[in-house]
Amino acid sequence: MMRWFRDLSISLKIQLILFLALALPAAIFLFLATGYSNALLTESGRSRIDEETFLVQQRITHIEEDLSAAANLFKNTPGLLDAIVSNDRDGLRTLALAASASLEVDDFDVFDAQGNRLVDTFEAGEEEDPEDAIIAQTLLGVQQVTLYEALQEGGLALRSVATRVIRNAQGETIGGFTLTRNIDDAFLTQLNYERDGVELGLILDGQLVAASLAAGSDGPQRQISGDFAVQPELFAAAMSGDIARNSETVFSQSGTPFVEAFVPVQGLDDLRPSAALVVRVNMQTIADFQKVLVTAATILAVVIALGFMAIMGTLLNFTVSRRIAALTSAAARIGAGNYGERVNLTGRDQLGTLGHVMNELAGDIQKRQADLQAANETLERRVRERTREAEGARRIAEENNRLKSEFLATMSHELRTPLNAIEGFTSIIRNRMGGADFNEKTGRYIERIEANSKRLLGLVNDFLDISRIESGRLQLASLPFSPAEAAQKWASQIGVLADKKGIAFDLTLDPDLPDQIVGDEEAVSKMALNLLSNAIKFTEQGKVSLDVRATGSSGWQITVRDTGIGIPPHAREYIFDEFRQVDQTSSRKYGGTGLGLTIVQKLARAMGGSVVVESEVGRGSVFTLTLPYEVAQAEAIPA
Amino acid sequence: MNHIPDNLLEGWEILVVDDEPDSLEVASVILDAYGAKVHEAGDGAEALALMKRARPMLVISDLSMPVMDGWRFLSAIRDDADLMYTPVIALTAHAMPGDAQRALEAGFNNYLTKPLTVETFMENLVLVLMQIPMLAEHINI
């Protein structure tokens, strides 16, 4: 629930809170208003009741006085005395009828001194006469106005009676009379004359026996309906002599609210009142008024509340919601990358401060962005420069490389071409081809030319090889060849030289050698032939042997043994170095550039192999060349 | 030479192509000494023109030549309907390993390496020619 509340928009939240805040006092107000109007109702009801009961009592008193006056009047009617004395019933009857009509009396009763009824306006048997007790009292001289109950058709009824005693001139009681008025509907209606909103009822022995009448759709009807419930306690309270007010509002069948009071009706002392007059004041108008009041108050409260909320809403909208919205959208735009965005929020409150801070923040970001951008651009520029420089350097290096390669290739070609021609022509001359011929001396000179040219070619080849190896331009072939066959080629070549020098030569081939291996046959041959020719060169007598065998499953070994002059220990360190020979005399005696072993070592290393020497001066030397079966393409020389 | 008869290449017409005149001459002299009729050309274009006229049974060509080098010369021969079956042998200069392999892959029937000396040239030539069926039968051994 709290989450739902939290997620409402701010102005809605505030309005909701306000609504609740208003609802409470509004409810209290309404509650009080209702209570007040209820009190008002009750109070006015009470005052009305008091008013009405007072009036009723007054009227009753008035009516009693009226009755008493009527009695007095009748008492003084001429001829009454004589009529009673002479027992003139007809005469009395006439007087009585005339009197009852003019005096508005319901019943007339005249009796003699013995209590015998002389005239009776009631038809016999219809209604009861005033009680004998009253007659008796009257004859004794009691003149009063009192009430008595009488049983008649339809139930009990209450009557008001005025009694008078008649005396003659001598003061002797000769008789008396009673004037009776029924306290019936008509009586009550009369009592209720011009009292709007008041209903009267007579309760006798707990039952409603008479009620004031009002005009109805089917003629006059009792105002207090038959289902009127009499409250026993109130009735009883009234019977104890005081007016009993009903503190609660009673409702009629149609829902009309009434305030009622029970007024005890005085009777003879020994005829205790068992009657009460119920006065009911119709509170409908006041109730209606109250309803209108409450409704109006409610409507007013609602209107005020709504108005207040509308005002609050608008106020909030302008001072809070809109500004927050402005902040939010500006923040969103800034967040989306538009760092130039600023929010235009005036005001010193928290929102204004927030707006100000946000603007500064955006400004900061913008500045940083710009700085970053500038730095980036500078960086990029530098990178581009460097790249260009590097590119340039690379291109220069590449160019240099290319030039070197070209140079090497060109040198290679240029050096070899004339040497090839020399070899070609000298061989033609030597073979006396193409019309060439020579004598012995010329022949010797030809031979010297050839020998030197061969030497030169050898030197050139060595130089070019070293050049290539040194500059990393060596490219080794990866072609299959047969090690055994290669070895045999070397053997046949060297065999000739060995024969010439009178040295023995033999070849040993390991049967476990693979039929084919992958590598550069030419390079391997160069190394092997170099070692072998060295062996021959430095051996005067004895034997040179070539041993080719497999070492494990990954490589092979070429071993050249000779029984030559050997290599002194100190020289073994540097014989592989460029241009180093054992000593100066060696180079002159044996020739060679001193590059041969260098080339062997470097080539071996380039292939991933190695060459080592063992030697003993005067006994001979053993050169062992170890090579792997597969040679990876080596473009750069390992150290 | 020892075992190679002087009339080995009797009746052969051979075209030799090389931009180096000395190289060309050495080859010519040697081939001529063994009885062949030698045609000479200094570059591929010249050689092609010559081939159309003379129809030699064998071509021996250097690889690096101006105007049209050995490679283009060979592909021109192989593209020509009349000339495509002519055996062509490359003269490789020993510079790079794999040159020989490349020559064979390009379509040369075989190769010989420089320098050409009387001894080496003929021995190797015989071996090479023995492997070309079309020519093997013409060798006078």
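1. Start with the salt bridge between the chains. R430(A) pairs with E119(B), and their closest N and O atoms are 2.8 Å apart. That spacing comes from a predicted model. How many salt bridges does the rule find across the interface of chain A and chain B? It finds 1. Polar contacts across the interface come to 3 residue pairs, with both residues at pLDDT 80 or more.

2. Next, where chain A's side of the contact comes from. Helices α9 (350-430) and α10 (440-470) of chain A each give at least two residues to the side that touches chain B. The largest share belongs to α9(A), with 11 residues. By type, the residues on this side of chain A are 7 nonpolar, 8 polar and 6 charged.

3. Now the extent of the interface. Chain A puts 21 residues into the contact, and chain B puts in 22. Between them the chains bury about 1,800 Å². Carbon and sulfur atoms account for 66% of that area.

4. Chain A as a whole. This chain has 639 residues, and 40% of them are buried. Its secondary structure consists of 15 helices and 20 strands. Take the contacts in chain A with a separation of 6 or more: 63% of them join residues 24 or more positions apart.

5. Chain B as a whole. Here there are 141 residues, of which 48% are buried. The chain holds 6 helices and 5 strands. Read along the sequence, they follow the pattern β-α-β-α-β-α-β-α-β-α-α. Of the contacts in chain B between residues at least 6 apart in sequence, 64% join residues at least 24 apart.

6. A strand worth a look is β5 of chain A, residues 173-183. Why is β5(A) described as largely enclosed by the rest of the structure? Because 10 of its 11 residues are buried. Two pairings of this strand can be traced. Strand β1 (residues 107-112) of chain A pairs with β5(A) in the antiparallel sense, over 6 bridges. In β5(A), L179(A) stands opposite F108(A).

7. The other pairing of β5(A) is with β4 (residues 155-167) of chain A. It is also antiparallel, and it runs over 10 bridges. T163(A) has T178(A) in β5(A) as its bridge partner. The two strands form a hairpin, with 5 residues between them. In the turn, G171(A) has a positive phi of about 90°.

8. A buried residue in a helix of chain A: A498(A). Its helix is α11, residues 483-501. The relative accessible area of A498(A) is 1%, so the residue is buried, the cut-off being under 20%. Not counting residues up to four places away in sequence, A498(A) touches I503(A), F505(A) and I536(A). A further reference point is A535(A), 37 residues from A498(A) along the chain. The C-alpha atoms of these two are 9.7 Å apart.

9. A loop residue of chain A: T249(A). This residue sits between β10 (244-245) and β11 (250-251). Is T249(A) buried or partly exposed? It counts as partly exposed because its relative accessibility is 30%, and that class lies between 20% and 50%. Leaving aside neighbours within four places in sequence, T249(A) is in contact with P257(A) and F258(A). Its C-alpha atom lies 8.9 Å from that of G45(A). Along the chain, T249(A) and G45(A) are 204 residues apart.

10. Finally, a residue of chain B: D62(B). Where is it found? In strand β3, residues 58-62 of chain B. D62(B) is charged by residue type, yet it counts as buried, at 2% relative accessibility. Beyond its neighbours within four places in sequence, D62(B) is in contact with several residues, including V17(B), D18(B) and D19(B). G70(B), L91(B) and K114(B) are also contacts of D62(B).

Key:
Residues are numbered from 1 along each chain as its sequence is written. Chains are lettered from A and ligands numbered from 1 in the order in which they are written. This is a predicted model: local features need pLDDT of at least 70, side-chain atom pairs count only at pLDDT 80 or more; totals for chains, interfaces and linings use all residues. Side-chain values use heavy atoms; hydrogens and water are left out. Contact means heavy atoms within 4.5 Å. Buried area is the accessible area (1.4 Å probe) that two parts lose on being put together, summed over both. A salt bridge is a side-chain nitrogen of Lys or Arg within 4 Å of a carboxyl oxygen of Asp or Glu. A polar contact is a pair of N or O atoms within 3.5 Å; within protein, one must be able to donate a hydrogen and the other to accept it, and residues adjacent in sequence count only if both atoms are side-chain atoms. Helices (H or I, at least four residues) and strands (E, at least two) are DSSP runs, numbered from the N terminus. Buried means under 20% relative accessible area, exposed over 50%, partly exposed in between (1.4 Å probe, protein chains only). Two strands pair if DSSP finds at least two bridges between them.
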